[in-house]
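Here's a quick briefing on a single chain. Have a look at the fold before reading on.

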Amino acid sequence: MKKYFLILLTVLTSIISSCSENEISVDVEVIVDNLPQGSIVYITGNDEQLGNWQPDIVSLDEVEKGKWVKSFSFPKGKKLEFKFSRGSWSKEALNDDGTVPPNYAFEVRNDTTISVKINLWADQVERKVEGQITGTVKYHRNFSGKGIKARDIIVWLPPDYEFGNERRYPVLYMHDGQNIIDPSTSAFQVDWQIDEALDSLIKQDLIEPIIVVGIYNSIDRDNEYSEDELGYSYMNFIVDSLKPFIDRNYRTKPDRHNTANGGGSLGGLISLILVWEYSNIFSKSLCFSPAFKVDQYNFVDNVLAYSGEKKDIKLFIHNGDNELDTQLQNGVDEMLKALIKQGYKEKVDYLYQKSVNSQHSERGWARNISPALIYLFGNEKGKSLL
C-alpha cells in the first residue's frame with residue numbers, strides 16, 4: 001500500500017511541477033507623475049486576469065508614492081495586450097504628446113517585470129472623439145438574461161424608420177455593442193462607425209435599410225464569446241430573450257433570412273458560432289479579425305467534424321495584416337479550408353477579404369465595414385461594386 005502511495009505521490013508531484021513550469025510570473029510596475037489626488041491606477045487587457053478590457057476592474061497597488069505594482073501568473077506562450085487607465089476610458093493613459101498609445105503587447109516566455117512610465121492621462125488634455133452618432137438610436141438599459149450579467153442594448157434605426165410607414169426591416173445583431181455606434185462609449189473613443197456607413201449606403205441605394213442591435217459586452221466577455229457553458233448562455237440570451245424583445249418592439253423581419261450577427265476578434269468567433277449553431281434563427285454573419293483558432297479557442301474542428309446537411313448560411317470574413325491579426329491568420333486560413341471541405345464556395349457562400357495596413361481595432365474595422373454590409377444586405381447595384 002505504501003508503495004502505491006509513493007507512486008501516486010510521485011505522479012502528482014510531477015503533474016504539479018509540470019503545471020508550475022508552464023506558469024510564468026509577470027510583474028507589472030507603473031511609475032506615474034501628475035496623478036490627481038485619490039486616483040487609482042488600473043490595468044486592462046485581453047485576459048480575465050486583466051479585466052477583459054473593462055477599465056475599472058483590475059487595480060494596481062500603490063507600494064510607494066508614484067509606484068503602482070501587481071503580480072500575475074500566465075501560461076507560457078500567452079499573448080497579452082493591455083492598457084492602463086484611472087477607472088474609465090475617458091481617463092486612459094496617453095503618450096507624452098497626448099496621443100493614444102497602441103496596446104502594449106507581450107508574449108509570456110520567462111519570468112518578467114514590465115515597467116511603464118506614465119506622465120499624462122486622457123482627462124488632462126482636450127481630446128478629440130473620432131466620430132459621432134449618426135441617425136436615431138434607442139437604448140434599453142440593464143437588459144437581463146438567464147445565466148449572464150445584465151447589460152445595455154443600443155438600437156440603431158434606418159433613416160426612414162420613423163416616417164410613419166409600416167415597412168419592416170432585417171436586423172443585424174452586433175457583439176461589443178458599446179463600440180459600434182457611439183464613440184463616447186467605445187473602448188478607445190473610436191467606434192465601428194456602422195451608423196455612418198449604413199446611412200451612406202442606404203442613401204446611395206446600395207443596400208436595403210436595416211436595423212442594428214448592439215449588445216454591450218461584460219467582464220465575462222472571453223467566456224461569453226466562446227464555445228463554453230457561458231457562451232451558450234449568452235447565445236441563448238440572444239435567441240430566447242433579446243431577439244423576441246426586438247421583434248415585439250420594432251418593425252423587424254423576424255425570419256432567419258433577414259437576421260444576421262457580427263463582431264470583431266472574439267466577437268468574430270462568437271458570430272460564426274452563433275450562425276453555425278443557430279442556423280434556424282440566423283442566416284448571415286460578419287466576422288472581423290476572428291479568433292477562429294488561437295490559444296484555447298478552436299471552432300475549426302467543430303466545422304470539420306460536422307456531418308449533417310450543409311447549413312444555409314452566408315459569411316463575410318475579414319482579417320488585416322498588422323499586430324494581432326497576423327497571429328489570427330493561421331486560424332482564419334484553417335477555417336476557410338474547413339468551409340471549402342464542407343462544400344462552401346467563395347463569393348457564393350462566403351466572401352473573404354484581407355486588408356493591407358489594417359489594425360486589429362475599431363478604427364481598422366470601420367474602414368472595411370461597408371463591403372461587409374453590402375455583401376450581406378446589398379442589392380444588385382451594391383453587390384456589383386464588390
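Which residue in S20 is the bridge partner of Phe316? That would be Leu351. This is a predicted model, where local features need pLDDT of at least 70, side-chain atom pairs count only at pLDDT 80 or more, and totals for chains, interfaces and linings use all residues. Residues are numbered from 1 along each chain as its sequence is written, and side-chain values use heavy atoms, with hydrogens and water left out.

**The sheet**
- Eight strands make up an open, mixed sheet, running S11-S12-S14-S13-S15-S16-S19-S20; strands here are DSSP E runs of at least two residues, helices H or I runs of at least four, numbered from the N terminus, and two strands pair if DSSP finds at least two bridges between them.
- S11 (136-145) and S20 (350-354) sit at the edges with a single partner strand each, so one side of each has no neighbour in the sheet.
- S19 (residues 314-319) runs parallel to S20, and 5 bridges join them.

**Helices on the sheet**
- H5 (residues 266-277) packs on the sheet and touches S13, S15, S16 and S19, contact being heavy atoms within 4.5 Å.
- H9 (residues 369-377) also packs on the sheet, touching S13, S15, S16, S19 and S20.

**The whole chain**
- The chain has 10 helices and 20 strands.
- Its C-alpha atoms fill a box of roughly 70 × 65 × 40 Å along the principal axes.
- Of the 386 residues, 53% count as buried, meaning under 20% relative accessible area with a 1.4 Å probe, protein chains only.

Conventions:
Axes are lines fitted to C-alpha atoms, for helices over the stretch in contact, and angles run from 0 to 180 degrees between N-to-C directions. Buried means under 20% relative accessible area, exposed over 50%, partly exposed in between (1.4 Å probe, protein chains only).
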